[in-house]
Amino acid sequence: MKEGFIEVTGGKVWYVIYNQQATGIPLLVLHGGPGSSSYSLQGLKDLAINRPVILYDQLGCGKSDRPEDDSLWTLDRFVEEVGIVRKTLELNEVHILGHSWGTTLAAAYYFSDPEGISSIIFSSPCLSAPLWEEDQKKNLTLLPKEIQETIKSSEANGTTDSSAFQKAIEVFNDHFVCRLKPYPEHLKQGKHFRNPHVYQVMWGPSEFTVQGNLKSFDCTERLAEISIPTLYTCGRFDEATPASTEYFSRKTPNASFHIFEKSAHMAYIEEPEQYRQVMSRFLSQIDH
C-alpha cells in the first residue's frame, strides 16, 4: 500500500494505491458525493489481487485539502482533477469505476479524454440530474405519508436543516441508500470525512430537487459514444433505480447490466462479496 498527495487546482488531494506492483491494468475508483470521500469504498482494495487499485479523495473532502473557494466546485474542475491524478500516477492504461456522483465524473472525464481507458463501471449511476430528481420523487411516494409531507414542506419552506427533515431523510436512506440494520458502525465513524458544503453548491440541500450547478447535467444522448466495455450496476432498491440504470445501459453499445438483489445504493457495503465477484469477473474478461 502506497499513499501520498497530488497537487491539483485549488490544493492537494490524498490518494492510496493497493498492490502497486501487480501487472494487471490498474483500477481507478471515483467516489460519490459530491463531497463524500473514498472512505466507504475502502473495501474495494480487495479487488487488488492481480491489479493495482487506486482510491483518492476528491478536493474538498476526506483527507484532501478543503479550500474555501466555491469557484472550485464545478464538474469541469473535477474532470481536470481526474486527469492530473491519472497523469501523476502514470495510469496510461486504466479501468475506471465510478459510484453515484463518481459516475457523473467518470462519464464527463471519458468524453473529454477517452485515450487509454480500457473500461468503465457505472455503479449506481447518476448520468442525468433531471432523471435522478424524477426518480427520487417517485421513490418518495413509496414512503409513509407523513415522511413525504415532512420532506416536501421542509423543501418548500427552506427548513432542510431542521431535525424533522433529517429524521425523514433517515427513513428515505433506510429504504434507498443502505438497507443494513444496524447501520455499519465504521461508516458512522467516517462521517467527518464528508463535506456537505460541496454537495450543497453542486447539488443542493437534498436529493429530491437539484438546485446546484449540476442541475442541467444530462449525458444520456452521448452514451452511444462510449465504445469500450461498460458495466452498469445498481441495487434492487437503489435510488439509482433499476429502470433508469437499465435504460442507460441500453443506450451504451458495449454494455452489460447487473442488479444486486439485496441492496439499495451501497451494494459494495450491503453485498460486498457479490459486488467484488461481479467487478472482478468483468475486469478479468477485459484484461485477457
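# Close-up views

**View 1. Isoleucine 121 faces leucine 231 of strand E7 across the sheet pairing.** The model is a predicted one, in which local features need pLDDT of at least 70 and side-chain atom pairs count only at pLDDT 80 or more, while totals for chains, interfaces and linings use all residues. Residues are numbered from 1 along each chain as its sequence is written, and side-chain values use heavy atoms, with hydrogens and water left out. Strand E6 (residues 117-123) and strand E7 (residues 230-235) run parallel and are joined by four bridges. Strands (E, at least two residues) and helices (H or I, at least four) are DSSP runs numbered from the N terminus. Two strands count as paired if DSSP finds at least two bridges between them.

**View 2. Eight strands make up an open sheet with mixed pairing.** Their order is E1-E2-E4-E3-E5-E6-E7-E8. Strand E1 (2-8) and strand E8 (255-260) are the edge strands, and each pairs on one side only. From one strand to the next, the twist averages 20°; angles run from 0 to 180 degrees between N-to-C directions, and axes are lines fitted to C-alpha atoms, for helices over the stretch in contact. Strands of a sheet pair through backbone hydrogen bonds, either parallel or antiparallel.

**View 3. Helices H8 and H10 lie against the sheet.** Helix H8 (residues 242-251) touches E7 and E8, and its direction makes about 175° with that of E7. Contact means heavy atoms within 4.5 Å. Pro242, Ser244, Thr245, Phe248 and Ser249 are the buried residues of H8, where buried means under 20% relative accessible area, exposed over 50%, and partly exposed in between (1.4 Å probe, protein chains only). These buried residues pack against helix H3 (129-140), E7 and E8. Helix H10 (residues 272-287) runs at about 160° to E6 and lies across strand E3 (27-30), strand E5 (94-99), E6, E7 and E8.

**View 4. Helix H2 is largely enclosed by the rest of the structure, because 11 of its 12 residues are buried.** Among the buried residues are Trp101, Leu105, Tyr109, Tyr110 and Phe111. They pack against E3, strand E4 (53-56), helix H1 (75-88), E5, E6 and helix H7 (196-202). From its first C-alpha to its last, H2 reaches 17 Å, close to the expected 16 Å; the expected span is 1.5 Å times one less than the number of residues.

**View 5. Leu28, Tyr56 and Leu105 have the most contacts inside the largest nonpolar core, which has 51 residues.** A nonpolar core is a set of buried Ala, Val, Leu, Ile, Met, Phe, Trp, Tyr and Cys residues joined through side-chain atoms within 4.5 Å. Helix H2 (residues 101-112) gives the largest share of this core, eight residues. Leaving aside residues up to four places away in sequence, leucine 28 touches Ile54, Tyr56, Val82, Val85, Leu91, Val94, His95, Ile96 and Leu97. Another core, of 37 residues, lies apart from the largest one and includes Ala48, Ile151, Phe172 and Phe260.

**View 6. Glycine 212 sits in the loop between H7 and E7.** Glycine 212 counts as buried because its relative accessibility is 12%. Its C-alpha atom is separated by 5.2 Å from that of valine 201, 11 residues apart along the chain. Not counting residues up to four places away in sequence, glycine 212 touches Gln200, Val201, Met202, Trp203 and Gly204.
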